[in-house]
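Okay, thanks for having me, everyone.

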Amino acid sequence: MAVSSSEGWERYVPLAGVVFAVLMVLSAIAFPMPPGGDAAAAAHPSWLTTHHDAVIAQSYLRGMAAVALLVLIAALAAAVRRVRGSSVMADAVLVAGALEAGLLLLAQGVGLATALLARDGATADTVRALAPLQDACLDIAALPGVVVFGAAGLAAIRTKVLPRWLGVLSLVGAPVALTDALSYDGGPLASIGLLGLLYSIGWALLVGVRLPLQPVVDDNTLQLPDQDRTMGNQPSNGCGTGALVTDQA
């Protein structure tokens, strides 16, 4: 099989996964956390009124992280498509990843809106009413993540666009993402909701670092075994030079 690798600036596009991981970690450690931990700050209007500047900055950081995740997903889908042509797996990764990143971006937009409302003196009930919307966007964003992890894992194993171990790790992410989606506030899995976020950060970091280093095996350019090429150069049935049989992928 022919082996190639990305060239130029496109080779480094997957490093957006590293950017995503760094921004998510920075947004968690550089700003005060609301009383509800990972819950929407709008659920605590009095706290949000005091810390609205921090929440505004945090919303922008996490919004940029969502954009970086979208870039990583696009790079991964493009890598799969280069190997397999216009494949269902590449489309699944791209569409589901775009939906996931879009929902994450929407959640940060809602968070920004609540901080601005609190800054401008909106009533506590008005601010608090937006908290379930932000939480719902964050929770439901994990559902397309199930497709992203599943399709990326299968693509890695079948096309070698990523190492096999990372493909298996991606498949493990599918049930993790499903668990994360079910970890809504007050639900039976609420206490383990942070697991999905940590997994996503680690996965994006690994894919972002490994994808630029992975040689791409082009399934559309197959070479014949030596014995087949030898047979193809010999006369066949008295009709002159034998035809070279090509095996199309």
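So, let's start with a helix pair, α4 and α7: their axes come within 8 Å and cross at roughly 150°. Keep in mind that this is a predicted model. Anything over 145 degrees counts as roughly antiparallel, so that's what we call α4 relative to α7. The crossing is left-handed, by the way.

Who's touching whom? On the α4 side, the contact includes Met 89, Ala 92, Val 93 and Ala 96, and on the α7 side you'll find, among them, Val 148, Ala 151, Ala 152 and Thr 159. By class, that contact has 13 nonpolar, three polar and two charged residues.

In soluble globular proteins, nonpolar side chains tend to be buried together. Here the largest nonpolar core has 43 residues, and Phe 20, Leu 162 and Trp 203 touch the most other members. Helices α1, α3, α4, α7, α8 and α9 each put in at least two residues, with the largest share, twelve, coming from α3.

Have a look at Trp 203. Setting aside neighbours within four places in sequence, Trp 203 contacts Leu 72, Ile 73, Leu 76, Val 148, Phe 149, Ala 152 and Ser 170.

Last stop: Val 83, in helix α3. Is Val 83 buried or exposed? It's buried, because its relative accessible area is 0%. And while Val 83 and Thr 159 are 76 residues apart along the chain, their C-alpha atoms are separated by 6.7 Å.

Note on methods:
Residues are numbered from 1 along each chain as its sequence is written. This is a predicted model: local features need pLDDT of at least 70, side-chain atom pairs count only at pLDDT 80 or more; totals for chains, interfaces and linings use all residues. Side-chain values use heavy atoms; hydrogens and water are left out. Helices (H or I, at least four residues) and strands (E, at least two) are DSSP runs, numbered from the N terminus. Buried means under 20% relative accessible area, exposed over 50%, partly exposed in between (1.4 Å probe, protein chains only). A nonpolar core is a set of buried Ala, Val, Leu, Ile, Met, Phe, Trp, Tyr and Cys residues joined through side-chain atoms within 4.5 Å. Contact means heavy atoms within 4.5 Å. Axes are lines fitted to C-alpha atoms, for helices over the stretch in contact, and angles run from 0 to 180 degrees between N-to-C directions. Angles under 35 degrees count as roughly parallel, over 145 as roughly antiparallel, 65 to 115 as roughly perpendicular and the rest as oblique. A crossing is left-handed if the near helix is turned anticlockwise from the far one by less than a right angle, and right-handed if clockwise. Ala, Val, Leu, Ile, Met, Phe, Trp, Tyr, Cys and Pro count as nonpolar, Asp, Glu, Lys and Arg as charged, and the others, Gly among them, as polar.
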